[in-house]
Amino acid sequence: MSFLNYLVSGLSLGSVYAIIALGYTMVYGIAKMLNFAHGDVIMVGAYVCFFAFTRYGLNPFISVILAMLVCTCLGIVIEKLAYKPLRAAPSLAVLITAIGVSYLLQNLALLFWSSNPKVFNSIIPNKSLDLGGLTVSYITLFTIAVCIVIMIVLTTFINKTKLGKAMRAVSEDKGAAQLMGIDVNTTISVTFAIGSGLAAIAGVLLCSAYPNLTPTTGSMPGIKAFTAAVFGGIGSIPGAFLGGLMLGVIENLAKAYISTQISDAIVFGVLIIVLLVKPAGLLGKRAQEKV
Amino acid sequence: MRAMNKLKGLNRTARKNYLTYALVIAAYIILEAMMRGGGMKAATKGMLVPICAYIVMALSLNLTVGVMGELSLGHAGFMSVGAFCGTAATMCLRDSMPSAGLRLFIGIVIGAVAAAIIGFLIGIPVLRLRGDYLAIVTLAFGEIIKSLVGNVYMGIDQGHLKFSMFTNELNMSPEGKIIIEGAMGIRSIPKIATFTAGFILIMISLVVIFHMVGSRTGRAIMAIRDNYIAAESIGIPAFKYKITAFTISAAMAGAAGALFGNNYSSLIASKFNIDTSILVLVFVVLGGQGNMLGSIIAAAALTILPEALRGFADYRMLMYAVILIAVMLISNNAKIKDILKNIAEKRTAKQLAKGGASDE
Amino acid sequence: MNMKKFFAIFLAAMMIFSLAACSGGSTEPAQPADGGESEGAVTIKIGATGPLTGGAAIYGQAVKNGAEIAVEEVNAMGGIQFEFNMQDDTHDPEKAENAYNALVDWGMDMMMGTVTSAPAEVTSADAYADRYFFLTPSASSTNVIDGKDNVFQMCFTDPNQGTGSATYISEKNLGSKIAIIWKNDDSYSTGIRNTFVEQAAALGLEIVTEETFTEATKTDFSVQISKCQEAGADLVFLPMYYEPASLILNQANAVGYAPTWFGVDGMDGILTMEGFDTSLAEGVIVLTPYSADDSSALNQNFVKKYQDKFGEVPNQFAADGYDCIYAMYKAATEAGIDPASMDHSAICDAMVAKFTSMTFDGLTGASMTWGKDGTVSKLPNAVVIQNGVYVGM
């Protein structure tokens with residue numbers, strides 16, 4: 001297979017990372033918090049869609065909306081119960097709580113839905129487009145399209161709307177934002193709700209591309225996507241997209257041309273080099289240190 | 001009387017350090033007596049060595065996270081290096097050195113040295129970064145170590161060590177013995193780690209950390225943590241001090257790994273993944289950053305907790321997650337903090353009043 | 001400072017609570033024996049460990065479910081009564097040791113092994129040292145049984161499967177250019193791959209490429225698949241469990257690659273994954289001792305009970321768990337085991353003597369016998385998947 005084909009298969013893996021990374025980066029950029037439970041919200045979203053679409057035969061569009069609704073509510077509940085009380089606490093305390101929430105979601109899923117893998121019927125036909133020797137699957141095209149749409153919507157939302165402006169203000173300086181009359185708590189809650197809604201879409205697309213669904217489905221892609229978000233410059237929305245795609249491409253090229261045995265090591269090695277050269281990631285803004 | 005006065009004369013930090021030593025020694029004596037007396041459950045006995053290893057891990061990470069103020073998400077990598085080097089060493093020495101204690105000692109030293117070397121090498125690039133970026137790079141190094149260690153083949157053949165990567169190409173003679181077998185790791189390890197060794201390791205770690213925190217290096221590191229720019233501007237060579245602390249931290253993690261590895265009959269590289277790194281981080285955060293006694297107690301409590309919850313059967317890990325979240329919420333609750341602060345203030349005020357009275 | 005003190009006190013209290021809970025016999029049996037049996041009935045406590053939570057929970061849960069059905073049946077027969085207690089080891093050797101110790105404290109008389117290989121290496125070493133009879137349902141690594149007279153396997157050993165597969169492929173001339181995809185951070189997969197490669201070399205089979213994946217890269221197989229395709233492999237050997245295998249089949253289908261797929265016993269279960277399109281597995285050859293479609297009365301009864309109780313079709317792990325309980329029941333009855341008058345090491349010796357001499361018919365094979373080295377001898381059944389069911393070859 002040609003280099004171009006490996007590149008395309010890398011892009012399809014990367015597009016999945018990218019869509020997860022968008023949620024990660026959005027929450028981090030505004031709430032300044034590493035939400036390690038994001039991968040598990042993805043898993044919940046995928047399960048909801050699985051039950052709605054595969055088991056009860058609902059319309060795929062309705063299934064996705066349903067998954068988004070459930071995840072948004074879940075995100076709001078998690079935020080209210082677990083993260084909101086820790087607004088004033090050190091960021092590490094929130095990180096540990098997020099890890100606790102991640103364990104909680106995984107184990108609840110295990111109890112409710114058992115450990116047996118469910119095969120997710122893709123909402124997009126599992127077919128490929130043949131462009132003269134180059135095959136691109138519909139899922140990849142669809143995922144990339146969804147990523148771009150989400151990216152544009154998010155960017156517009158953050159730059160143009162009032163709530164978006166509030167979000168930017170909160171991300172710059174919580175204290176000052178509060179003084180300007182912005183409700184910091186609500187702003188962060190809304191950010192979480194949006195992030196969780198995105199997680200549902202990511203879950204559906206992740207499982208459409210890689211159809212096995214178990215309670216731990218979200219954890220590894222979650223970590224990879226987190227890496228992708230950092231790679232692109234955490235907090236930056238286009239950065240998450242770029243980081244996700246690059247990570248997928250690097251991973252697949254490493255597998256294709258170096259070794260499948262240590263492709264992880266190579267991916268992380270590239271990440272380290274990028275961060276050493278550009279410490280804020282590919283598109284991240286270097287925060288000016290206050291003296 | 002004189003001793004009492006001396007104790008009073010010490011500052012708070014020193015008093016707290018001695019309290020930590022005293023509690024660790026007391027816990028050791030009680031547990032060892034229980035074990036000797038035969039009044040200990042197998043489950044408790046089996047957890048003593050891993051608890052010691054995790055305590056040393058927590059102390060080691062606390063040096064990085066608490067004292068140095070840098071978040072490391074790859075600490076299991078150093079533990080892995082220590083575990084594999086230390087255990088491979090004790091396995092190689094099995095025939096030539098009959099004394100298990102001596103073998104274990106050598107294994108721990110080798111584990112610590114190997115991890116220190118890796119820690120130093122990783123520290124050079126990593127410590128130039130800060131904050132979350134440093135965290136993600138340590139995570140990356142942890143994953144790289146895991147993936148490389150899982151592909152190492154090592155054997156001992158007529159006194160020679162043979163290595164290969166990815167596949168078993170050691171070409172061993174019939175007398176040769178494979179020690180590390182890639183993903184299957186090290187097998188048939190004689191369990192030579194003991195609780196006493198673990199206790200000694202904890203004590204050494206405490207001495208090293210307390211000594212370091214109280215020294216010039218420690219003060220410099222904390223100055224860097226609290227205000228990097230101010231510290232640099234008065235001429236503190238931040239990088240030099242940080243890499244010293246990071247290397248020591250890695251060495252301690254390596255020693256903990258060697259102790260851990262020699263406690264189980266098989267050792268696999270995938271054990272030392274990000275979950276283990278995060279677990280140790282939970283110990284440190286829960287115990288309080290910079291608080292060594294807290295780390296010790298948190299490591300012990302959280303290692304025992306999932307075992308204590310076995311009665312909940314299928315709900316065990318769910319309970320664990322709930323307790324973890326609850327503890328984080330309660331310990332960071334503003335109201336509870338206020339109440340405690342009030343009590344503390346009253347007590348200090350009382351003490352001040354007393355002190356003032358006795359001065360007259 | 002005071003916050004920290006509060007912390008310390010809080011945690012210390014938690015630890016004391018934990019310790020107290022630990023020593024307070026908190027390990028309730030998961031499946032207590034039916035009470036009210038005749039006075040003086042022999043009750044044997046069987047301990048087991050396996051991953052009941054975490055990424056490998058599929059295997060542990062299946063064994064637990066299968067074993068529980070067997071225990072219910074055995075207890076209903078009114079002879080020897082079993083108390084079954086399966087502890088979670090999360091597929092981690094460290095936790096497996098803790099689980100084992102908890103079972104020792106519970107007063108286990110014999111052990112129905114550990115489900116997965118790496119943790120089983122630890123628990124079997126302990127059981128050997130402490131003299132508990134040990135029968136593992138599915139831990140196939142040879143290191144589990146090596147040099148341990150009281151440790152037995154219900155499943156095939158890894159080398160058995162690796163060499164068995166290579167021999168079978170060579171005998172039946174199934175492929176001339178062979179590719180292997182294996183999981184290189186997993187001991188089960190690595191073990192089978194190593195012996196397969198050895199045997200393939202001995203038989204002169206041509207291995208054109210070897211591709212690997214790890215726990216962290218077990219979703220995307222596009223590169224591995226296209227490398228097999230490029231190398232012109234007409235047979236791809238998949239020594240792995242069914243979960244990643246189902247993804248490989250799916251992704252190969254998407255690019256239109258259709259070699260002969262050859263799997264080992266871990267592949268069983270692929271047809272019963274909820275929502276799996278069985279046409280993807282058309283023509284897959286599996287070397288497995290068990291098939292849920294088997295029409296024997298024994299198997300039909302088991303499958304029906306399993307579906308009624310757990311709502312799923314049992315896989316090979318569940319069948320292994322079921323067989324283990326029955327094998328232990330048979331040996332214990334014939335050897336006249338009575339924990340009231342025998343300690344666990346006497347039970348162990350009696351069970352070992354019985355196990356190496358008896359013949360057992362179960363779901364996963366007829367006329368099974370065990371060697372002194374702990375390996376089972378039964379026929380691996382090569383089956384091919386046709387129209388969504390196994391068909392004997």
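Predicted model: local features only at pLDDT ≥ 70, side-chain atom pairs only at ≥ 80, totals over all residues.
Which residues does C:Thr195 touch, not counting residues up to four places away in sequence?

The residues in question are C:Asp158, C:Pro159, C:Gly162 and C:Thr163. C:Thr195 itself belongs to helix α7 of chain C, which covers residues 187-203. Is C:Thr195 buried or exposed? Within 10 Å there are 22 other C-beta atoms, so C:Thr195 is buried; the cut-off for that class is 20 or more. As for distance, C:His344 lies 149 residues from C:Thr195 in sequence, and 36 Å separate the two in space, C-alpha to C-alpha.

Let me turn to chain B. Its secondary structure consists of 14 helices and 3 strands. The radius of gyration of chain B is 22 Å, close to the 21 Å given by the globule rule for 360 residues, so chain B is as compact as a globular protein of that length. The C-alpha trace of chain B spans about 85 × 55 × 45 Å along its principal axes. Of its 360 residues, 51% count as buried. Among contacts in chain B with a separation of 6 or more, 75% are between residues 24 or more positions apart.

Finally, I come to the contact between chains A and C. Chain A contributes 32 residues and chain C contributes 31 residues. On the side of chain A, the elements giving two or more residues include α1 (3-31), α4 (91-113) and α10 (237-257). The most comes from α1(A), with 4 residues. Thank you for your attention.

Notes. Residues numbered from 1 in each chain as written. Chains lettered and ligands numbered in written order. Rg over C-alpha atoms; globule rule 2.2 N^0.38 Å. Buried ≥ 20, exposed ≤ 12 C-beta atoms within 10 Å, placed from the backbone. Contact = placed C-beta atoms within 7 Å.
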